[in-house]
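Reader: Could you take a close look at one part of this model for me, the surroundings of one of the ligands? I'd be glad of the cut-offs along the way.

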Amino acid sequence: MSATKAIRTKCLDCCLGSKNEVKLCASERICALHPLRLGKPVEGMSRLKVIREYCLGCSEGTSKAVSECEFTDCPLYAYRLGKNPNRKLKLTDEQRKDRANRLREATTKRTPVKRYLAEQTQEAIASAAYAKEST
Ligand code: SF4
Ligand code: SF4
């Protein structure tokens, strides 16, 4: 079950299966699931974070209680730790190294902004050195 479906199922359970009740739910101030209750994604909103927040509220706010939750039939159970259990990449050592290298390259690559800032810094250093020489 996807995280979106899990939220929708939880909301339907909460409203005894009534789609209309879920739609009319007025718990926007107290329920973390509220924005995603209709089973549609909301831009910029992480379903995993929303579920985690809900589970923390359900388990008196402690991570330990959430991880020790025994309600395995709860639709949110698989997502309660804030991780997607469906994302289990099995990579070989070579693939892992390749990904690490690509990530390193991507993060050290000079973007136009970084290039501009580097040029500005070089110019500032050069003019400071010139000013020092002229005094
Ligand atoms: S948003 Fe919260 S209160 Fe509303 S239906 Fe879903 S689980 Fe129940
Ligand atoms: S998975 Fe456990 S902690 Fe999370 S909502 Fe369900 S019962 Fe509560």
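Author: Helix α3 (residues 47-58) gives the largest share of the shell around ligand 2, namely 3 residues. Helices here are DSSP runs of H or I with at least four residues, numbered from the N terminus. This is a predicted model, in which local features need pLDDT of at least 70 and side-chain atom pairs count only at pLDDT 80 or more, while totals for chains, interfaces and linings use all residues. Residues are numbered from 1 along each chain as its sequence is written, and chains are lettered from A and ligands numbered from 1 in the order in which they are written.

Around ligand 2 you will find Y54, C55, C58, S59, V66, C69, F71, C74, L76, Y77 and R80; a residue counts as near if its C-beta atom, placed from the backbone, lies within 6 Å. By class, this shell holds 9 nonpolar, 1 polar and 1 charged residues, with Tyr and Cys counted as nonpolar and Arg as charged.

Helix α3 also packs against α1, at an angle of about 40° and with the axes 9 Å apart. Those axes are lines fitted to C-alpha atoms over the stretch in contact, and angles run from 0 to 180 degrees between N-to-C directions. On the α1 side A3, T4 and I7 take part, meeting R47, L48 and I51 of α3, where contact requires C-beta atoms, placed from the backbone, within 7 Å. The residues of this contact comprise 4 nonpolar, 1 polar and 1 charged.

As for α1 (residues 3-14), this helix supplies the largest share of the shell around ligand 1, 3 residues.

Note on methods
Helix = DSSP H or I, 4+ residues; strand = E, 2+ residues; numbered from the N terminus. Contact = placed C-beta atoms within 7 Å.
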